[in-house]
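I opened the model today and kept notes as I went. Each entry covers one thing that I looked up.

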Amino acid sequence: MDDFEKTARDALRTAIRGSGAYHMDACVRCGLCADSCHIYLTDPVPENHPAVKASKVISLFRRYNTLLGMIAPGLVGARRISQEALDELVDVVYGRCTCCGRCGINCSIGADVGSIMRIGRTVLASVGKVPPNLQAVVQNQLMTGNQMSIASDELKSTAEWISQDLQMETGSDDARIPVDEKGRKIVYLINPREVKFFPLSLSAAAGVFHAAGASWTISSKFYDVTNYGMFSGHGDDAAEITRQAVEEAIRLGAEEIVLSECGHGFRSFRWEGPNWMKKAYPIPVRSMLDVMLEYIESGKIKVDPSKNTERVTLHDPCNLVRWGGVVEQQRKILKRVCSDFVEMTPNREQNFCCGGGGGMLSMSEYGERRILSGKIKADQISATGAKIVATPCHNCADQLLELNKKYKLGIEIMSVCELVFNALVGNK
Amino acid sequence: MSPDFAHTKSSPLFEIERIITLIGIVWAILLLLIQWYIAWGGGRAEFSAPSGRAISGIIYNFTIAMLPSHKESISKHPVEFVIGLLMHIGVFISILKVFILLVSPATIPLIPSFISILLGISVMCGFYLFVRRMIAIDLRSMSAPDDYISILLTIGLMIMAIAHETGQISSDVFLIYASILFFYLPLGKLKHVLFFFIARAEYGGRLGYRGVYPAHNNVKERSGG
C-alpha cells in the first residue's frame with residue numbers, strides 16, 4: 001500500500017468512526033431519495049442521483065471495511081483507493097452535492113447521505129484533492145483570519161463609517177460598532193461579506209444591539225463566522241479556524257459569542273467546532289436570531305410590523321435549520337416584524353437547498369450547475385408571490401441574488417436582522 | 001400442510017440441518033454485532049452543548065418521521081413503498097417460519113392458505129423490485145451483484161416457505177436454504193436488517209440533540225402562492 005492510499009484510508013477510518021459506517025452499511029440503494037435532491041430534480045441524470053453519489057463513497061468504505069469488500073470486491077461494488085478513483089470522486093462530492101442533507105431526512109431507511117458525502121470530502125482533503133478555489137478560501141482564513149483577507153484596518157474603517165451613518169440614522173451618538181473593546185459581554189462574529197458587500201446587514205445588527213442596550217464588540221483580527229474548512233472536509237483546518245475565533249473572544253473577555261446570520265457558520269461554530277477542537281467551549285455560543293428573539297420577547301426592543309409591509313417569505317439555510325436546529329426563531333421574529341409573512345413550501349427541515357451550499361459559491365468550475373440547481377428554489381419563491389426573501393445566511397443571499405437575476409424573480413433579498421432593524425420603533 | 005410434520009422430529013437429517021441453521025443464525029448475529037462494534041470504533045465524543053434531547057429525536061425518527069406525510073421517499077413513491085413493505089412482511093414471515101421450525105418442528109400452521117397467499121404476494125413484490133433494479137438506469141448504475149443476489153436470496157426464501165407450507169418440499173430442504181441465507185446475511189446488503197435500526201437511531205439522536213427533531217414541519221400555517 002503506498003502512502004497516498006494509506007493516508008486516504010486512515011482519513012476514511014477516522015471519519016466513519018461513531019456513525020459514518022452505520023449509514024454506509026444501512027443504505028440499500030432503493031433509489032427513493034432522488035426526488036429529494038435539488039441537483040437531481042433540475043438535471044435528472046444518474047450521476048446526480050443521491051444514492052449513486054453516495055455509492056461512490058461507500059464503494060471505498062466497502063473495500064477496506066467489509067469482509068466481502070476485502071475478499072471479493074467486485075461482488076459488493078467495492079473499490080480500492082487510487083488516484084483515479086479519488087479524482088472521479090472530486091466531481092461527485094464537491095461538484096454534484098451541497099451536503100444539504102435533504103436526501104437523508106427523506107431516506108426510507110434513515111441513512112444520513114449528507115454525512116456520507118462529507119466523509120468523501122474528508123478523504124479527498126486528506127490527500128490534497130480539495131478543488132483549488134475552495135482550498136484558497138480556507139487558506140485565506142488560516143493565514144489572515146478571514147476568508148476574504150480583509151485587513152484589520154479596512155475592517156476598522158468600515159466599522160467607523162457604518163457607525164457614522166448609524167448615528168445619523170438613529171440620532172444617537174452611542175450607536176456604533178465597538179471594535180476590539182475588552183470586557184464587553186458579547187463578541188459578535190460576522191461574515192466578511194458584510195464588510196465588503198453587505199454593510200447594511202452589519203449596520204442593522206449594530207442598530208439592534210444599540211436599541212437593546214447590549215454590551216458588544218467585534219474583533220478586528222478574528223471576526224469571521226464562516227469556516228470553509230467544513231466545506232473542504234479538512235477537520236484540522238476547520239478546528240484551527242474555530243480555535244482562532246474562540247480564543248480571540250476569550251482574550252477580549254466576552255461572556256458569550258453571538259454568530260451573525262450565516263448557515264454554515266452557525267453549524268460549524270455551534271455544533272462541529274467543539275468536536276473538531278475536541279473540547280467544549282468555555283463560553284456559550286448563540287445565533288443572532290436567538291438574541292433578536294430574546295430582545296423582542298423580553299421587550300428590550302420594540303418593533304412595529306407596519307414598517308415592513310411588503311410580502312416577505314423565508315428561505316431556510318440547510319446548515320442553520322436542517323443541520324443546526326434553528327428553526328422557529330426566525331419565524332417568530334418575522335411574524336413580529338413583518339405584516340405579510342408567508343412560508344415557502346416545503347419549509348423548515350424539509351426546505352430545498354438554494355444551490356449555493358457546500359462551498360459551491362467558491363467553486364466557479366461548478367457555477368452552471370449551481371445556478372441550474374437553484375431553479376427549485378426560484379420556483380418556490382415565485383409561488384409565494386413575495387417581494388422580499390429573508391434569509392439568515394450570506395452564502396444563501398449570494399446565491400439568491402444570482403437566482404434573482406437569472407430567473408427574473410423581481411425580489412429583494414434581506415437578512416432577518418435588516419427587517420428587524422427596519423421595524424424598530426424609534427428608528428426613522 | 002407439510003407432509004413431514006409428523007416425522008421431522010425423529011429424522012437425523014433434519015437434526016443436522018437444524019444445527020447448521022442454528023450455526024447460520026449465530027454466525028449472522030455474531031458477525032452483525034462485530035461489524036456494529038467495529039463501526040462504532042469506540043464512538044465519537046460529543047463536545048457541543050445540547051439544544052434538545054437525543055432520546056426525543058430517536059423516538060421521533062422511529063415514529064412520526066417515518067409517516068408518509070413526513071417522508072418524501074414514501075409520499076412521492078407510494079407504490080414502491082407498499083411493494084417494499086409487502087416484500088418485507090413476506091421475508092419476516094418466512095424467517096419466523098424458520099424459527100418456529102427450529103424451536104417446535106411439529107407445529108402445525110394455523111392458516112396455511114392465507115400465509116401462502118400473502119407470501120405469494122410478497123414474492124411478486126420481490127420480483128417487481130428485482131426487475132425494477134435491472135431496468136431503471138439510476139438503480140442499475142448504483143447496483144453491485146450483491147444487490148441482485150440479496151433480493152434473489154430473499155425471494156428464494158419466500159418461495160421455499162410457500163413450498164414448505166404447501167407440502168412441496170420437506171423441512172430439511174427449507175432449512176438448508178434458510179441456512180444459506182443466514183450465512184450470507186451479514187456479508188452484503190442484507191445487513192441492513194441491523195443497520196437500519198442503528199443508523200436511524202444515531203441520526204435521530206443527533207438531530208434530537210441539536211433540536212432539529214422533533215420537527216414542526218406539519219404545522220398548518222399560511223403559505224404563499
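**Entry 1: ground rules.** I noted that this is a predicted model, in which local features need pLDDT of at least 70 and side-chain atom pairs count only at pLDDT 80 or more, while totals for chains, interfaces and linings use all residues. Residues are numbered from 1 along each chain as its sequence is written, and chains are lettered from A and ligands numbered from 1 in the order in which they are written.

**Entry 2: chain A as a whole.** I looked up the secondary structure and found 23 helices and eight strands in chain A. Helices (H or I, at least four residues) and strands (E, at least two) are DSSP runs, numbered from the N terminus. The C-alpha atoms of chain A fill a box of roughly 75 × 45 × 35 Å along the principal axes. I then checked the radius of gyration, which is taken over C-alpha atoms; the globule rule is 2.2 Å times the number of residues to the power 0.38. For 428 residues a compact globule would come out near 22 Å, and chain A agrees with 22 Å.

I also looked at burial. A residue is buried if 20 or more other C-beta atoms lie within 10 Å of its own, exposed if 12 or fewer, and partly exposed in between, with C-beta atoms placed from the backbone. Of the 428 residues in chain A, 62% are buried.

Entry 3: Which order do the four strands take? I read β2-β1-β3-β4 in chain A, an open sheet with parallel pairing. Two strands pair if DSSP finds at least two bridges between them. β2 (216–217) and β4 (285–287) of chain A are at the edges with a single partner strand each, so one side of each has no neighbour in the sheet.

β1 (186–189) and β3 (256–259) of chain A pair in the parallel sense over four bridges. In this pair A:V187 has A:I257 as its bridge partner, and A:L189 stands opposite A:L259. β3(A) also pairs with β4(A), in the parallel sense over three bridges, where A:L259 stands opposite A:S287.

β3(A), helix α16 (263–277) of chain A and β4(A) make a right-handed β-α-β unit. Right-handed means that, with the strands pointing away from the viewer, the path from the first strand over the helix to the second runs clockwise.

**Entry 4: another sheet.** I found an open sheet of four strands in the order β6-β5-β7-β8 of chain A, with parallel pairing. Its edge strands are β6 (341–342) and β8 of chain A, each pairing on one side only. β7(A) and β8(A) pair over three bridges in the parallel sense, and A:A390 has A:M414 of β8(A) as its bridge partner.

**Entry 5: helix α23.** Is this helix of chain A mostly covered or mostly uncovered? I found α23 (416–423) of chain A mostly covered, with seven of its eight residues buried. Among them are A:V416, A:L419 and A:F421. The elements that cover the buried residues of α23(A) include α13 (199–212), α17 (288–298), β7 (388–390) and β8 (412–414) of chain A.

**Entry 6: domains.** Chain A is divided into domain 1 (3–129), domain 2 (145–294) and domain 3 (301–423); the bounds come from an automatic or database domain assignment. I looked up domains 1 and 3 of chain A, whose C-alpha centres lie 29 Å apart. Two residues are in contact if their C-beta atoms, placed from the backbone, lie within 7 Å. By that rule 14 residues of domain 1 of chain A touch 18 residues of domain 3 of chain A. The largest share of the domain 1 side, four residues, comes from α3(A).

**Entry 7: chain B against chain A.** The contact takes 55 residues from chain B and 59 residues from chain A. α9(B) gives the most to the chain B side, with eight residues.

Entry 8: Most residues other than glycine have a negative phi, and most peptide bonds are trans. I listed the exceptions that I looked up:

- A cis peptide bond joins A:T345 and A:P346, with omega about -5 degrees.
- A cis peptide bond also joins B:Y213 and B:P214, with omega about -5 degrees.
- A:R29 is not a glycine but has a positive phi of about 55 degrees; A:R29 is buried, with 25 other C-beta atoms within 10 Å.
- A:D180 has a positive phi near 55 degrees; A:D180 is partly exposed, with 18 other C-beta atoms within 10 Å.
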